[in-house]
Amino acid sequence: MTMRRFLLALTLCSTLFAATAYSDESLYVQPFRAKIYSKPSLASEVLGQVDSGFKFVSTGREGNWVKLVVKGKQGFIPAVQTAINPPLGKSAAQGAESAPKLGARARTATTAVVAGMKGLTYEDRARVTKDELSDFEALDKIDALKISPDELKAFQLEGGKR
Amino acid sequence: MKLMSLVYSIAVFCALQPQIILAAEESKSHDWRARSSVVDRDTYAESDTDEELVFGREIAARILGQYKVSGNEKLQKYVNLVGTTLTRNCSRPELDFHFVVIESSEINAYSTPGGYVFVTTAALSNMENEAELAGVLAHEIGHVIERHIVKELSLKGAEKSAVSSFAALIGGASKSAGIAFSQAVDKAVDIILRDGLKKEDEMQADSSAVLLCAISGYDPSGLVTFLDKVGKIKSGVGATYPVYDVRLATLQRAMSDEGIAGMKLALNTERFTKAMKTEAGPNPLDIIRKVMPGGTHDQK
């Protein structure tokens, strides 16, 4: 083996090791609060609580749990409460819902506008779908149903029974 | 010379390592527990959320074109309160989830991207307590959190690729983009109402559901008792679900592993029973249907 091949192999080796040996990822806590447990079990000791937006480096996953190190101890947070990006604001998600609430008669016009935005006339769109009906009026009513923080708090206080 | 050979061997091993890992992950993809560890945790920008919601609304409107929304506003409110209790603890705080009771004699629940969750009146009438309702809603929330439909259609977020397929599909102004959008909606509706998601997705949603229930204070056994009942009623016929006994066994093992199997948390049986007994307000359409031939149908 020539020195050139040796160096090539050495370079390849070190590059690949660097790329594959470390797979930790930064994660963010998403809901308003999350608990850190000592084991991947809700029955284990609670090491502490963190708020929405808390950033940490996960040292791995175990089923539905992500591992982290907190104050020198290994801890676990339910994966269902974490994501790779910081908590997103509601502004973006509400953008699509901010269309004016119109009556049924105006619905066709609204639908035409939405379809037009996608480069289709209402007729085009009807042709490419499977002739299945959509009910945006019912959807508007569903969107209108809101739960206030006070209602939710009262509901949660009233619960907790078997 | 020996050193050179050793280094060369290590280099070859390293070069092959990604393929070895890929092969291992491929074999894991059939096991939900392993899959939840390797699941693609895409990055999503706010614009993707916006587009996901536009897509989800389109699908939800299509579902509402087929099923009638229950006119019982008190029950709708109650189901939304249970659902919101769960979503306060989940990883999509940017979404306003909506929970909808739809009239159908089929025991089922559906969810769309963007956070529209539907539960049928037949499913509700087969429940005995709020924990069972929470379990079913949490399962559907699990599909939304993990973006199962979005992934099934191979729609990627903006940060995942140079040209986001999501953005191209939803935001494209061309006629072909519009047609692709409509076809994607058709496909999503087919998956949700007819074909069902992958078995692994269902099991992943089950396992995250029991965890979400327990975190939210609901007895995690709710989903288990409900699935057990439905499995006996349907005898495994549900086209959108894996065979119930396998699903139950997997779920019970997951609950045991995660220390939630023996947890005695809230069932809220009394409150559920009371909510189910609330009278729906008079619906003029029902009065018309009574005098029309054909009677009431599940679907519109």
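## First stop: a sheet in chain A

Select strand 4 (residues 55–58) of chain A: Phe56(A) and Ser58(A) form its covered face, while Lys55(A) and Val57(A) form the uncovered one. Helices (H or I, at least four residues) and strands (E, at least two) are DSSP runs, numbered from the N terminus. The model is a predicted one, in which local features need pLDDT of at least 70 and side-chain atom pairs count only at pLDDT 80 or more, whereas totals for chains, interfaces and linings use all residues. Residues are numbered from 1 along each chain as its sequence is written, and chains are lettered from A and ligands numbered from 1 in the order in which they are written.

Now display the open sheet of 3 strands in chain A, with the order 4-1-8 and antiparallel pairing. Strand 4 and strand 8 (82–83) of chain A are at the edges with a single partner strand each, so one side of each has no neighbour in the sheet.

## Chain A as a whole

Colour chain A by secondary structure to see 6 helices and 8 strands. Along the sequence they follow the pattern α-β-β-β-β-β-β-β-β-α-α-α-α-α. Of the 162 residues in chain A, 25% are buried; a residue is buried if 20 or more other C-beta atoms lie within 10 Å of its own, exposed if 12 or fewer, and partly exposed in between, with C-beta atoms placed from the backbone.

Next, select helix 6 (residues 149–158) of chain A, where the count of buried residues among the 10 residues is 0. After this helix comes Gly160(A), with a positive phi near 80 degrees.

## Crossing to chain B

Select Thr85(B), which lies in helix 4 of chain B. Is Thr85(B) buried or exposed? Thr85(B) counts as buried because it has 23 C-beta neighbours inside 10 Å. Leaving aside neighbours within four places in sequence, Thr85(B) is in contact with Leu152(A), Phe155(A), Gln156(A) and Ser216(B); two residues are in contact if their C-beta atoms, placed from the backbone, lie within 7 Å.

## Helix 6 of chain B and its partners

Show helix 4 (residues 73–87) and helix 6 (residues 130–145) of chain B together. They pack at an angle of about 60 degrees, with their axes 9 Å apart. Axes are lines fitted to C-alpha atoms, for helices over the stretch in contact, and angles run from 0 to 180 degrees between N-to-C directions. Helix 4 and helix 6 of chain B are therefore oblique to each other. For such angles, under 35 degrees counts as roughly parallel, over 145 as roughly antiparallel, 65 to 115 as roughly perpendicular and the rest as oblique.

To display this contact, select Val79(B), Val82(B), Gly83(B), Leu86(B) and Thr87(B) of helix 4 of chain B, with Glu130(B), Leu133(B), Ala134(B), Leu137(B), Ala138(B) and Ile141(B) of helix 6 of chain B.

Select the open sheet of 4 strands in chain B, with the order 1-2-4-3 and mixed pairing. Strand 1 (68–69) and strand 3 of chain B are the edge strands, each with a single partner strand, so one side of each lacks a neighbour in the sheet. Helix 6 of chain B packs on this sheet and touches strand 2, strand 3 and strand 4 of chain B, its direction making about 30 degrees with that of strand 3 of chain B.

Strand 3 of chain B is joined to strand 4 (residues 116–120) of chain B by 4 bridges, and the two run antiparallel. Tyr116(B) is the bridge partner of Thr112(B) in strand 4 of chain B.

Finally, centre on Asn108(B), in the loop between strand 2 (98–103) and strand 3 (109–112) of chain B. Asn108(B) counts as buried because it has 20 C-beta neighbours inside 10 Å. Not counting residues up to four places away in sequence, Asn108(B) touches Thr120(B) and Ala123(B). The C-alpha atoms of Asn108(B) and Thr120(B) are separated by 5.8 Å, although the two are 12 residues apart along the chain.

How values were computed. Pairing = 2+ DSSP bridges.
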